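Work through the exercises below with the model open. Each task is followed by a stepwise solution.

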Amino acid sequence: MTRRYEVAVLPGDGVGPEVIAAAERVLEAAAATSGIALRLEQFPFGAAAVRAAGEPFPEVTRAACLRADAVLLGAVGDPSLDAAPRARRPETGLLALRQALGVFANLRPVSAIPALAHASPLRAERLRDVDLLVVRELTGGLYYGEPRGRYGNRAVNTLTYEREEIERVARVAFAAAGRRRGVVTSVDKANVLEVSVLWREVVSEVARDYPDVRLEHQLVDSAAMRLISDPASLDVLLTENLFGDILSDEAAVLAGSIGLLPSASLGAGRGLFEPIHGSAPGIAGRDAANPVGAILSAAMLLRYAVGSDEGARLIEAAVAQVIAAGLRTRDTAAPGERAVGTGEFGARVASAVAASGAAISTAR
Ligand code: IPM
Ligand code: MN
């Protein structure tokens, strides 16, 4: 009997529902083609859930995520809740979701597709051979440290890491580097922060278990510069939560649009898969968002949660094919180039997946 995989789908806010609709379509096509039984079910999350249930991460959603084999998320964030108390903010729901799932390692692959080089402000020759992976620690650091709070004219956040938290995410980075070009660049601020001194110490210890991987340490300020001045020299970039948040948005400039980038958040149990972009309220509801980040997140879901590298590759190849054929959403269209909507882009990727499935079965 084939196993059926349950996916909790959280469309969230802004462009989230639009990019998720495209990703669902592609995921269904890839599952059908690869003979994978998937069941997708949507649950409220983010500002949408605040409006419906008074909180961003309601119990029904939490229970569904903990039951599911994987979680696929669109985006959260809504300017109308910017001033809301922290418990009612969509971002608080996202942090609670990551914590509930225990997804401590956030994988953010970044590559520059030559056909989209015009979309990046960097010169095309800088973008040649850019293929890097940011491994961002996701359930610790300043995002979660206690104490935190606002005390009149003083506000506090705490940066704290335990040895064990550093070690487990470092192992994910070294294992990934072993399957890639074999270099880990660990990013910290060890010239100033005690936490970074510990980070360096632990990462260096972990490195001894991976003799085929070369480790280098780099301070975050110069790493930020290298990401733009010599991005092709980077393979795996390992870093803590806030540095990873900032550096991965910076890395999106290499790809040409933040709408292109996917992520997988992994831990001991089920994974969370989400594009790295936000809810983009300015273009929400206009069929203008780039669904590639969400679609490639669905590919990562097949790879890591279902264990189907074949299904993941099918999606990745279909995205590459559709881009090579000249299809563009607004964010990556060159001046004068026609742009299609989120829905049409998703439909074209889904049919490319189905067509390659048909080709595979004919060849068999
Ligand atoms: C991201 C986002 C989130 C983060 C926000 C929405 C809380 O920017 O996934 O990168 O900072 O982790
Ligand atoms: Mn971010």
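Helices and strands here are DSSP runs, numbered from the N terminus; a helix has at least four residues and a strand at least two. The model is predicted.

**Exercise 1.** List the shell around ligand 1, then sort it by class and by element.

Solution. 
- Step 1: collect residues with a heavy atom within 4 Å of the ligand. Ligand 1 is surrounded by Glu-91, Leu-94, Leu-95, Arg-98, Arg-108, Arg-136, Tyr-143 and Asp-245.
- Step 2: sort by class. The shell holds five charged residues, three nonpolar and no polar ones.
- Step 3: sort by element. Helix α4 (residues 90-101) gives the most, with four residues.

**Exercise 2.** Which side chains place a polar atom by an oxygen atom of ligand 1, and how much of the ligand is buried?

Solution. 
- Step 1: apply the cut-off of 3.5 Å for N or O pairs.
- Step 2: read the distances. A polar side-chain atom of Arg-98 is 2.7 Å from a ligand oxygen. For Arg-136 the distance is 2.8 Å. For Asp-245 it is 2.9 Å.
- Step 3: turn to area. Ligand 1 taken alone exposes 320 Å², and the protein buries 78% of that.

**Exercise 3.** Why does ligand 1 lie between two domains, and which pocket does it take?

Solution. 
- Step 1: assign the shell. Domain 1 (1-108 + 257-364) and domain 2 (121-255) both contribute residues, so ligand 1 lies between them.
- Step 2: The space taken by ligand 1 is the second largest pocket.

Technical notes. Residues are numbered from 1 along each chain as its sequence is written. Chains are lettered from A and ligands numbered from 1 in the order in which they are written. This is a predicted model: local features need pLDDT of at least 70, side-chain atom pairs count only at pLDDT 80 or more; totals for chains, interfaces and linings use all residues. Side-chain values use heavy atoms; hydrogens and water are left out. A polar contact is a pair of N or O atoms within 3.5 Å; within protein, one must be able to donate a hydrogen and the other to accept it, and residues adjacent in sequence count only if both atoms are side-chain atoms. Accessible areas come from the Shrake-Rupley method with a 1.4 Å probe; for residues, only the protein chains shown count as cover. On a 1 Å grid over the protein atoms alone, a cavity is a set of points where a 1.4 Å probe fits but cannot get out, and a pocket is an open set with protein on both sides within 12 Å along at least five of seven lines; lining residues have an atom within 4 Å of a point. A molecule sits in a cavity or pocket if more than half of its atoms lie within 2 Å of its grid points. Ala, Val, Leu, Ile, Met, Phe, Trp, Tyr, Cys and Pro count as nonpolar, Asp, Glu, Lys and Arg as charged, and the others, Gly among them, as polar. Domain bounds come from an automatic or database domain assignment.
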